[in-house]
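Reader: I'm new to this one. Could you take me through the main nonpolar core, and then show me what sits around it?

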Amino acid sequence: LLTGSAGTPQEKPQVTQDSGPRSMGLIGQHTAGQPWVTLLPTPNGSGLSQEFESRWPEIPERSPCVAGVIPVIYYSVLLGLGLPVSLLTAVALARLATRTRKPSYYYLLALTASDIITQVVIVFAGFLLQGAVLARQVPQAVVRTANILEFAANHASVWIAILLTVDRYSALCHPLHHRATSSPGRTRRAIAAVLSAALLTGIPFFWWLDVWREADPPSTMDEVLKWGHCLTVYFIPCGVFLVTNSAIIHQLRRRGQPRVGKSTAILLGVTTLFTLLWAPRVFVMLYHMYVAPVHRDWRVHLALDVANMVAMLNTAVNFGLYCFVSKTFRATVRQVIHDVYLPCTLASQPAGMAVKPVMEPPGLPKGAEV
């Protein structure tokens with residue numbers, strides 16, 4: 001989904017019509033044929049006034065990759081740290097969901113699973129594998145098919161956050177109805193329905209046009225897909241977040257509660273982080289569509305690179321939020337790490353060496369499951 005990152009240095013200095021990047025991948029061919037230098041606008045070139053005189057001014061030079069190899073390093077670190085952290089988060093949330101059977105834990109678990117899929121499909125397969133390793137020598141049919149999975153992963157992540165928001169709103173504003181209707185089975189069915197809908201809504205984005213190959217202004221279909229993307233993953237979800245969160249805060253003030261609960265704090269944190277981190281990407285996309293092309297303006301090029309990096313950070317920050325807010329989550333994470341570390345310790349002990357029995361977590365009866 002996040003198009004437009006730095007090109008690969010090993011590319012040959014030759015530009016062909018089909019050498020553009022994948023439509024939703026994290027890396028592009030837009031630097032093919034360009035030396036690795038930063039080209040700044042010159043007095044004889046096209047200035048800002050000329051850019052705004054027409055929708056897409058004719059500039060023969062292609063926009064250079066100002067960010068260089070920084071996106072490659074950034075996404076490598078993000079994947080190397082974010083993927084293990086997301087897996088640890090998923091295991092901890094799975095334990096909490098099994099133990100408490102609360103819908104909020106099931107929704108957070110599904111949200112984490114969507115983030116893991118996003119990291120694997122977009123960062124690893126789209127950016128690092130296709131861009132840095134394979135140098136973008138991938139059939140166009142494979143690229144377009146991968147678009148479906150990438151958009152579907154983003155849709156699933158955002159819409160599960162909407163389910164979490166609606167669940168918290170129902171629990172606080174309509175507690176009796178929430179207790180009567182909420183159950184693990186109903187929660188799992190709602191998550192399955194959202195995942196199915198996300199996959200179906202990703203199919204139209206098979207025809208998503210790569211922004212780096214738009215030599216002409218976007219067609220009607222391009223505008224429909226881009227506006228559909230902005231509405232389904234940002235504007236509509238943010239509207240739901242704003243309305244429901246406002247109602248929740250208003251309800252808490254009516255009850256005279258000076259502080260919000262942990263579940264509500266996690267909800268507010270998740271929705272706020274998403275709104276802030278995805279705003280630059282949506283703004284730059286709309287600016288590109290109506291003002292200036294990416295592949296002919298190095299400033300839009302750089303802005304989209306930075307916006308994509310900021311948006312992808314959303315897949316790895318929730319772990320820190322959960323640890324900061326919830327003491328229960330921190331304790332569960334420590335127990336997961338302990339359970340992983342113990343077998344490794346036992347395997348490394350010499351034969352016959354005694355190992356001290358593991359102490360059970362405080363507050364649980366003997367033999368109880370964590």
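Author: Let's start inside. The largest nonpolar core has 52 residues, and those with the most contacts within it are Tyr234, Phe274, Tyr322 and Phe329. A nonpolar core here is a set of buried Ala, Val, Leu, Ile, Met, Phe, Trp, Tyr and Cys residues joined through side-chain atoms within 4.5 Å. Buried means under 20% relative accessible area, exposed means over 50%, and partly exposed is in between, with a 1.4 Å probe and protein chains only. Two or more residues of this core come from each of helix H2 (70-100), helix H3 (103-133), helix H4 (140-173), helix H6 (184-202), H7, helix H8 (262-290), helix H10 (318-325) and helix H11 (327-348). H4 gives the most, with ten residues.

A quick word on what you're looking at: this is a predicted model, where local features need pLDDT of at least 70 and side-chain atom pairs count only at pLDDT 80 or more, while totals for chains, interfaces and linings use all residues. Residues are numbered from 1 along each chain as its sequence is written, and side-chain values use heavy atoms, with hydrogens and water left out. Helices (H or I, at least four residues) and strands (E, at least two) are DSSP runs, numbered from the N terminus.

Now zoom in on Phe329. Leaving out residues up to four places away in sequence, Phe329 touches Thr89, Ala92, Leu93, Leu96, Phe319, Tyr322 and Cys323; a contact means heavy atoms within 4.5 Å. Phe319, Tyr322 and Cys323 are among the buried residues of H10. Six of the eight residues of H10 are buried, so this helix is largely enclosed by the rest of the structure.

There is also a second, separate core of nine residues, including Tyr75, Val123, Phe127 and Leu128.

H2 and H11 meet in another way too. The side chains of Arg95 and Asp339 form a salt bridge (2.8 Å, N to O), meaning a side-chain nitrogen of Lys or Arg within 4 Å of a carboxyl oxygen of Asp or Glu. Arg95 lies in helix H2 and Asp339 in helix H11, so the pair ties together parts that are 244 residues apart in sequence. Arg95 is partly exposed at 23% relative accessible area, and Asp339 is partly exposed as well, at 29%.

H7 is worth a stop. Asn245 lies in this helix, which covers residues 220-254, and is buried, with a relative accessible area of 10%. Not counting residues up to four places away in sequence, Asn245 touches Thr165, Leu267, Leu268 and Thr271. Between Asn245 and Thr271 there are 9.0 Å from C-alpha to C-alpha, though they are 26 residues apart in sequence. Leu231 also lies in H7, but counts as partly exposed at 35% relative accessibility.

Stepping back, the chain has eleven helices and zero strands. Buried residues make up 47% of its 370 residues. Among contacts between residues at least 6 apart in sequence, 80% join residues at least 24 apart.

Finally, the UniProt record (an unreviewed entry) places "transmembrane region" features at several stretches, among them 148-169 and 265-290; its positions are given in the numbering used here, feature names are shortened, and annotations may be inferred rather than shown by experiment. In the model, residues 148-169 are 100% helix, with end C-alpha atoms 31 Å apart, and residues 265-290 are 100% helix too, with ends 38 Å apart.
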